[in-house]
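Subject: Structure handover

Dear colleague,

Please find the structure below, handed over together with my notes on what was found in it.

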Amino acid sequence: NQKVVLITGCSSGIGLALASRIAKDEKKRFMVYATMRNLSKAEPLVEAAGRTLGRTLEIKQLDVCSEESIKACVDSLPERRVDILISNAGMGLIGPIECQSIDEMKTVMDTNFFGLVRLLKEILPDMKKRKKGHIVVISSVMGIQGILFNDVYAASKFAVEGFCESLAVQALRFSLNISLIEPGPVITEFERKVFEEGMKTDLSKADKVTADMFTNIYLKNYSQIFETLGQTAEDVAEHTYRIITMDNPPFRHQTNTLYTPMTTLKYADPNGDLPIETFYKMVFEHDKVFNASLNFLKLLRWRSRKSFTLEKEKST
Ligand code: NAD
């Protein structure tokens with residue numbers, strides 16, 4: 001009795017890694033419908049899926065910004081059944097808000113937040129009827145905590161988190177599960193696209209201090225943050241795979257232990273000042289604090305890799 005998994009945004013990154021990971025489940029417990037907006041971008045997934053294609057994985061078209069496209073995709077599934085929905089499609093946006101148009105911001109909200117809402121409007125009623133289902137949402141640590149120059153992206157992920165937290169109470173009544181996956185930085189196309197768009201930002205509408213902060217502090221350290229803290233898409237996929245195979249999946253799951261000290265700051269101070277002041281020091285006294293923090297994280301990463309290797313050696 002296979003569970004039907006529907007995943008959005010599978011042409012690259014986390015969605016691609018996730019679709020092929022779940023389809024390769026040793027016990028063949030899942031039938032994966034890996035969806036993407038543009039089917040002409042299916043090649044990397046076809047390659048990653050290998051022999052699972054046509055067996056435990058099928059590729060379908062789905063644009064999270066179109067209700068018709070979502071309906072057509074769900075209608076094409078046997079009995080319209082979705083046991084596990086993984087809402088993954090998303091996009092980023094960085095830069096000073098003075099330099100971004102409202103339309104650009106709306107596209108981010110429309111994809112990251114209303115994309116999820118559209119999916120649930122189509123799929124939730126059936127899940128309620130069956131009293132069975134798991135809704136998994138690829139959120140972000142930025143769904144818990146804002147980050148400099150990610151204002152609108154963080155807002156879109158906060159919207160996702162508030163929406164799911166409200167729905168989760170109702171979901172319990174129908175024995176449905178909701179899980180928010182919260183990765184820190186992940187090295188995917190996302191990072192490259194966001195950075196390239198960021199580099200192209202027309203800063204003429206920003207004052208000198210803001211423009212300088214964005215170019216010489218934020219963009220300059222962007223890649224280093226991903227290099228130091230970044231996880232792979234496969235790693236996030238493995239975490240998510242574990243969550244969908246649990247009997248009692250958690251509501252929230254952070255995938256990157258190197259990042260948890262940052263998110264913990266939020267819960268440590270009910271006034272909310274601690275994380276803001278810490279980020280400020282990291283950014284503006286970065287010669288001292290930022291580099292010290294990065295070096296510390298590099299050390300942690302090296303140690304955790306080392307202990308992982310040791311564990312593996314021990315077990316073999
Ligand atoms: P990615 O750019 O490789 O993947 C995003 C996918 O969503 C792409 O395949 C893109 O084509 C698709 N997409 C965009 N708009 C769509 C639409 N309207 N309909 C259908 N698909 C659409 O990046 P990723 O890192 O794999 O991102 C996946 C998710 O992970 C996103 O929700 C993102 O916010 C989240 N996330 C990423 C990071 C990171 O650092 N990369 C960190 C935390 C969370």
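Predicted model: local features only at pLDDT ≥ 70, side-chain atom pairs only at ≥ 80, totals over all residues.

Does R51 count as buried or exposed? R51 counts as exposed, with a relative accessibility of 67%, where buried means under 20% relative accessible area, exposed over 50% and partly exposed in between, computed with a 1.4 Å probe and protein chains only.

Residues are numbered from 1 along each chain as its sequence is written, and side-chain values use heavy atoms, with hydrogens and water left out.

On the strands and helices: these are DSSP runs numbered from the N terminus, helices being H or I with at least four residues and strands E with at least two. Strand 2 (residues 30-36) has seven of its seven residues buried, so it is largely enclosed by the rest of the structure. In a regular strand the side chains alternate between the two faces of the sheet. Here F30, V32, A34 and M36 point one way from strand 2, whereas M31, Y33 and T35 point the other way, and all are buried.

Strand 2 runs parallel to strand 1 (residues 3-7), to which five bridges join it, two strands being paired if DSSP finds at least two bridges between them; within this pair, L6 stands opposite Y33. The chain passes from strand 1 through helix 1 to strand 2 in a right-handed β-α-β crossover, meaning that, with the strands pointing away from the viewer, the path from the first strand over the helix to the second runs clockwise. Strand 2 is also joined by five bridges to strand 3 (residues 57-61), again in parallel, with T35 opposite K60, and strand 2, helix 2 (residues 43-49) and strand 3 form a right-handed β-α-β unit.

Strand 6 (residues 177-182) is mostly covered, five of its six residues being buried. Strand 6 runs parallel to strand 5 (residues 134-138) over five bridges, with I138 opposite I181, and strand 5, helix 6 and strand 6 make a right-handed β-α-β unit. Strand 6 also pairs with strand 9 (residues 252-254) in the parallel sense over three bridges, where Q254 is the bridge partner of E182.

On the ligand: 28 residues surround it, the closest being S12, I14, N88, Y153 and T188, where a residue is near if one of its heavy atoms lies within 4 Å. The shell divides into 12 nonpolar, 11 polar and five charged residues. The protein covers 95% of the 830 Å² of accessible area that the ligand has on its own, as given by the Shrake-Rupley method with a 1.4 Å probe. Helix 1 (13-23), helix 6 (151-173) and helix 7 (189-199) are the elements that give two or more residues to the shell, and helix 7 gives the most, with three residues.

With best regards

Terms used
Nonpolar A, V, L, I, M, F, W, Y, C, P; charged D, E, K, R; others polar.
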